[in-house]
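The sequence and model come first.

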Amino acid sequence: MLVPAGTPKEIVARLHAETTKALAEPGVRGKLAAQGFDVVGSTPGEFLAFARAESEKWAKVIRDYNIRVE
């Protein structure tokens with residue numbers, strides 16, 4: 001789940017808590033898995049670190065292979 005930059009920490013914490021609660025429901029997990037989702041639980045900080053690492057990794061690939069949009 002993504003929210004705009006600058007979203008108050010209280011809102012992020014509430015969204016995280018409610019999402020974690022929903023993802024604990026077997027029915028929700030099953031429906032997501034049936035659609036091809038890989039349900040992974042993490043904290044907002046862990047997700048931020050993951051997103052930053054992925055961005056850096058793919059930016060390097062784009063630079064290294066000189067990928068351009070046509």
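## Basis of the model

This is a predicted model, in which local features need pLDDT of at least 70, side-chain atom pairs count only at pLDDT 80 or more, and totals for chains, interfaces and linings use all residues. Residues are numbered from 1 along each chain as its sequence is written, and side-chain values use heavy atoms, with hydrogens and water left out.

## The largest pocket

The largest pocket has a volume of about 960 Å³. A pocket is an open set of points on a 1 Å grid over the protein atoms alone, where a 1.4 Å probe fits, with protein on both sides within 12 Å along at least five of seven lines. The volume is the space filled by probe spheres set on the points, which are joined across faces, edges and corners.

The lining holds 29 residues. Lining residues have an atom within 4 Å of a point. Met-1, Leu-2, His-16, Ser-42 and Phe-47 lie nearest the pocket centre. By class, 19 lining residues are nonpolar, eight are polar and two are charged. Here Ala, Val, Leu, Ile, Met, Phe, Trp, Tyr, Cys and Pro count as nonpolar, Asp, Glu, Lys and Arg as charged, and the others, Gly among them, as polar.

Which helix gives the most to the lining of the largest pocket? It is α1, with seven residues. α1 (9–23), α2 and α3 each supply at least two residues. Helices are DSSP runs of H or I, at least four residues long, numbered from the N terminus.

Ser-42 sits in the loop between α2 (26–34) and α3. Its relative accessible area is 29%, so Ser-42 is partly exposed. That class lies between buried (under 20% relative accessible area) and exposed (over 50%), using a 1.4 Å probe and protein chains only. Leaving aside neighbours within four places in sequence, Ser-42 is in contact with His-16 and Phe-47; contact means heavy atoms within 4.5 Å. Ser-42 and Lys-21 are 21 residues apart in sequence, and their C-alpha atoms are 12 Å apart.

Ala-17 lies in helix α1. With a relative accessible area of 41%, Ala-17 is partly exposed. Ala-17 and Thr-43 are 26 residues apart in sequence, yet 9.6 Å apart in space, C-alpha to C-alpha.

The structure holds one aromatic pair. Phe-47 and Phe-50 form it: 6.4 Å centre to centre, 40° between the planes, tilted. Rings of Phe, Tyr and Trp (its six-membered ring) pair if their centres lie within 6.5 Å; planes under 30 degrees apart count as stacked, over 60 as edge-to-face and the rest as tilted. Why are Phe-47 and Phe-50 separated by about one helical turn? Because they are three residues apart in helix α3 (residues 44–64). Phe-47 is partly exposed, at 33% relative accessibility.

The 21 residues of α3 should span 30 Å at 1.5 Å a residue, and its end C-alpha atoms are 30 Å apart, which agrees. The expected span is 1.5 Å times one less than the number of residues. Trp-58 is also found in α3. Its relative accessible area is 47%, so Trp-58 is partly exposed. The C-alpha atoms of Trp-58 and Val-69, eleven residues apart along the chain, are separated by 15 Å.

## After α3

Asn-66 is found in the segment after α3. Asn-66 has a positive phi of about 50°, although it is not a glycine. At 48% relative accessibility, Asn-66 counts as partly exposed.
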